[in-house]
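Biologist: Please take me through this model. I want to know what stands behind each label.

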Amino acid sequence: MSEKDNVTLISVHEHQAEIEKIKGLYERRFMREKNARKEAEKLLENKSLELHQRNVELENLATELEARVQARTEELEAEKNHALELSRAKNDFVATMSHEIRTPINGIIGILKLLEEDLAEHSEHSNLVNIAQHSSHTLLHIINDILDFSKIESGKLRLENIPFNLRETLTKLIYPFEKLAYEKKIELIFKLDSQIKTQVIGDPFRLTQVLNNFLSNAFKFTEQGKIELNIQLQQDWLVFCVTDTGIGIPEDKQSRLFKDFSQVDTSTSRKYGGTGLGLVITQRIIELMGGEVGFESQEGMGSRFFMQIPYRPVENKKLQNSEHSPENSHHQTNKPLRLLLVDDNQVNRLVGQKLISRLGHHVDCAEDGFSAIDIMKNQNAFYDLIFMDIQMPDLNGYETTQILRKENIQIPIIALTANTSNEDRQMAKDSGMDGFLSKPFQLEEVENLLIKHCCPA
């Protein structure tokens with residue numbers, strides 16, 4: 001072999017060695033990549049399995065949470081329904097207790113009214129009767145406060161929006177306080193802005209209630225000096241202010257006002273009485289009217305309580321609520337009337353019959369709705385008007401009235417009840433009744449209703 005061949009052979013061997021080396025490098029790289037890919041695939045598989053497991057766990061957790069939410073929702077729904085049932089039960093209880101408590105009080109007040117007239121010439125006995133009357137009215141006022149507060153808390157207090165004579169409403173409000181001012185030797189001042197129109201739209205009953213609370217408090221805490229009711233028109237607002245020269249309220253006690261069942265201090269309730277609800281009810285009513293309440297006071301100098309409500313005058317219209325019409329107080333029924341009093345309470349029948357009879361009218365009684373229907377079917381032509389109690393067993397006043405109307409008995413029927421809310425008035429109207437008389441009633445109120453419904457002009 002020649003030297004050239006040897007060189008060539010060496011080159012071939014070297015070339016083959018180089019190829020083998022390169023081949024080895026590629027094989028090792030291939031194996032590394034293959035192993036890396038296997039590891040990556042295994043890792044990916046493990047991760048996928050882990051993700052799947054996590055996903056299953058999340059689905060199970062979501063299902064469990066959904067079940068918990070559903071169960072809690074059902075629990076809350078059940079609790080809500082239970083709370084509503086309790087609220088309804090409470091309202092039913094309050095309504096029932098309202099009737100049950102007011103009924104004997106109305107009887108007491110009525111009997112005392114009869115005794116007052118009979119004992120007018122016996123000053124000592126008359127004074128005792130007056131004390132009993134005052135105590136009865138105080139108790140009734142406390143009960144009314146509690147019942148009104150219950151209605152406000154349950155959201156069931158509704159306001160009327162009717163035209164009424166503001167000046168006449170205020171005059172009627174002031175009248176009983178004039179006697180009190182004379183007895184306590186306190187000057188009572190009444191000012192009404194001449195810019196305010198006589199007829200406005202609102203709720204005369206609740207407005208009277210609020211102002212009566214302000215004035216009652218003023219007289220309660222004032223022993224000398226003066227008390228002033230001032231009504232002014234300020235832009236689109238009616239501003240009512242009651243100012244007194246009474247004991248005033250200490251600055252550190254003023255924060256207790258307008259809070260539920262709260263008074264300035266315990267000695268106040270012991271000395272002057274009250275539930276501590278009057279101002280709370282006042283504030284809630286005024287807020288329902290879209291207004292505001294406030295006060296200013298200085299201990300030993302007196303207090304000023306004020307409220308403002310939207311001014312809504314009636315333009316060029318006559319007063320539509322004739323029960324508040326002033327002409328009623330200037331007429332009397334010109335003939336004896338035959339009246340039917342329907343009430344399940346024997347005391348109420350006795351008192352009502354005797355009181356109304358003093359107006360010169362003949363009054364018959366029925367002990368329940370069924371008796372009233374039987375009487376009216378047989379003697380329809382003999383009665384001019386029916387006074388119908390609302391809360392009676394078996395057949396209440398609304399139901400009795402509806403039956404009478406279906407029997408085409410169209411004489412006036414007046415609701416007679418201790419419940420005086422706007423809802424009760426509306427229910428009376430919807431059932432076919434013609435008017436509303438709240439217990440305990442005054443003879444003037446009875447006379448006005450008889451004039452309106454039995455004595456056409």
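Predicted model: local features only at pLDDT ≥ 70, side-chain atom pairs only at ≥ 80, totals over all residues.

Biologist: What makes a residue buried, partly exposed or exposed?

Modeller: Buried means under 20% relative accessible area, exposed over 50%, and partly exposed in between (1.4 Å probe, protein chains only).

Biologist: Why does His125 count as it does?

Modeller: His125 has 42% relative accessibility, so it counts as partly exposed. Its place is in helix H2 (residues 123-153).

Biologist: What is behind the names of helices and strands?

Modeller: They are DSSP runs, numbered from the N terminus: helices are H or I with at least four residues, strands are E with at least two. The protein chain has eleven helices and twelve strands.

Biologist: How do you know that the span of H7 agrees with its residue count?

Modeller: The expected span is 1.5 Å times one less than the number of residues. H7 (residues 346-357) has twelve residues, so it should span 16 Å; its end C-alpha atoms are 16 Å apart, which agrees.

Biologist: Which residues of H7 are buried?

Modeller: Asn348, Arg349, Val351, Gly352, Leu355 and Ile356. An α-helix has 3.6 residues a turn, so residues three or four places apart point the same way.

Biologist: What caps the N-terminal end of H7?

Modeller: Asn345 does: one of its side-chain oxygens lies 3.0 Å from the backbone nitrogen of Val347.

Biologist: What makes E8 and E9 a pair?

Modeller: Two strands pair if DSSP finds at least two bridges between them. Five bridges join strand E8 (residues 338-342) to E9, so they pair, and they run parallel. Leu340 stands opposite Asp364 in E9.

Biologist: Which sheet do they belong to?

Modeller: An open one of five strands, in the order E9-E8-E10-E11-E12, with parallel pairing.

Biologist: Why are E9 and E12 called edge strands?

Modeller: Strand E9 (362-366) and strand E12 (435-438) each pair on one side only.

Biologist: What does H7 touch in this sheet?

Modeller: H7 packs on the sheet, touching E8, E9 and strand E10 (385-389). Contact means heavy atoms within 4.5 Å.

Terms used. Residues numbered from 1 in each chain as written. Heavy atoms only, no water. Polar contact = N/O pair within 3.5 Å; in protein donor to acceptor, adjacent residues only side chain to side chain. Axes fitted to C-alpha atoms, helices over the stretch in contact; angles between N-to-C directions.
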